[in-house]
Amino acid sequence: MLFADPGLAATALRATVERFLTSESVSATNSTGRFRSAHERIEEWRDADPNRPPVADLFFAAKWLGNAGTHEDSDLSTIEVLDGARVLDEAFHRLFTGPDIDAHAQTIKRS
């Protein structure tokens, strides 16, 4: 999709953030069943841990790029979407190889 429709590819970056949040048990709906915004969900995830703000900022960037991509008149370029993918890659790199990886390894080791 990247070369055929960069806007759709950008939307997929945003969807990746939202699926990650769901996997982290950040609900996509509120108590009345209405969908919550990605922005609100990222904020909830960020606020749950004082080490998360730098990664949350990267998620916000991917979200904004995805927002731009959803509009019919989106003029995002392939390079802009690739930059967004790099931002999202860095977010996941920090999450899964960050300083808490040693503590996580110890948890696995004890299992």
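This is a guided tour of one protein chain, stop by stop. The model is predicted.

**Stop 1: the whole chain**

Start with everything in view. Colour the chain by secondary structure. You will find five helices and zero strands. Read from the N terminus, the elements run α-α-α-α-α. The C-alpha atoms fill a box of roughly 50 × 35 × 20 Å along the principal axes. The chain has 111 residues, and buried residues make up 33% of them.

**Stop 2: Phe20 and Phe96**

Now turn to the aromatic rings. How many aromatic pairs are there? The count comes to seven. Select Phe20 and Phe96, which form an edge-to-face pair. Their centres are 6.5 Å apart, and the angle between the planes is 90°. Phe20 sits in helix 1 (residues 6-23), while Phe96 sits in helix 4. The two are 76 residues apart in sequence, so this pair ties together separate parts of the chain. Is Phe20 buried or exposed? Phe20 has a relative accessible area of 9%. The cut-off for buried is under 20%, so Phe20 counts as buried.

**Stop 3: Trp45 and Phe59**

Trp45 and Phe59 form a tilted aromatic pair. Here the distance is 5.3 Å centre to centre, with 55° between the planes. Trp45 belongs to helix 2 (residues 38-47), and Phe59 belongs to helix 3 (residues 53-70). These residues are 14 apart in sequence, so the pair ties together parts in two helices. Both Trp45 and Phe59 are buried.

Which residues form the aromatic cluster? Phe20, Trp45, Phe59, Phe92 and Phe96 form one cluster.

**Stop 4: Glu18 and Arg41**

Next come the charged side chains. The count of salt bridges is eight. Select Glu18 and Arg41, which form one of them. Their closest N and O atoms are 3.4 Å apart. Glu18 is in helix 1 and Arg41 is in helix 2. The pair links distant parts of the chain, 23 residues apart.

Why does Arg41 count as buried? Its relative accessibility is 1%, and buried means under 20%. Arg14, Glu18 and Arg41 are linked in a network of salt bridges.

**Stop 5: Thr22**

Thr22 is placed in helix 1. Thr22 has a relative accessible area of 46%, so Thr22 is partly exposed.

**Stop 6: Ser25**

Move on to Ser25. Where is Ser25? Ser25 lies in the loop between helix 1 and helix 2. Check its backbone angles. Phi of Ser25 is near 65°, a positive value in a residue other than glycine. Most residues other than glycine have a negative phi. Ser25 is also exposed, with a relative accessible area of 67%.

**Stop 7: Arg46 and Asp47**

Select Arg46 and Asp47. Arg46 forms a salt bridge with Asp47. The closest N and O atoms are 2.8 Å apart. Arg46 is partly exposed, at 23% relative accessible area. Asp47 is exposed, at 56%.

**Stop 8: Glu90 and Arg94**

Go to helix 4 and select Glu90 and Arg94. Their salt bridge has its closest N and O atoms 2.9 Å apart. How many residues separate them? They are four residues apart in helix 4, which means a separation of about one helical turn. Arg94 is partly exposed, with a relative accessible area of 37%. Glu90 is partly exposed too, with 30%.

**Stop 9: a patch of negative charge**

For the last stop, select Glu72, Asp73, Asp75 and Glu80. These residues gather in a patch of negative charge on the surface. Zoom in on Glu80. Glu80 lies in helix 4, which covers residues 78-97. Glu80 has a relative accessibility of 36%, so Glu80 counts as partly exposed.

Note on methods:
Residues are numbered from 1 along each chain as its sequence is written. This is a predicted model: local features need pLDDT of at least 70, side-chain atom pairs count only at pLDDT 80 or more; totals for chains, interfaces and linings use all residues. Side-chain values use heavy atoms; hydrogens and water are left out. Patches are made of residues with over 30% relative accessible area and no salt bridge: like charges are joined within 9 Å, nonpolar side chains (Val, Leu, Ile, Met, Phe, Trp, Tyr) within 5 Å. Accessible areas come from the Shrake-Rupley method with a 1.4 Å probe; for residues, only the protein chains shown count as cover. A salt bridge is a side-chain nitrogen of Lys or Arg within 4 Å of a carboxyl oxygen of Asp or Glu. Lys and Arg count as positive and Asp and Glu as negative; His and the chain ends are not counted. The place of a charge is taken as NZ of Lys, CZ of Arg, CG of Asp or CD of Glu. Buried means under 20% relative accessible area, exposed over 50%, partly exposed in between (1.4 Å probe, protein chains only). Rings of Phe, Tyr and Trp (its six-membered ring) pair if their centres lie within 6.5 Å; planes under 30 degrees apart count as stacked, over 60 as edge-to-face and the rest as tilted.
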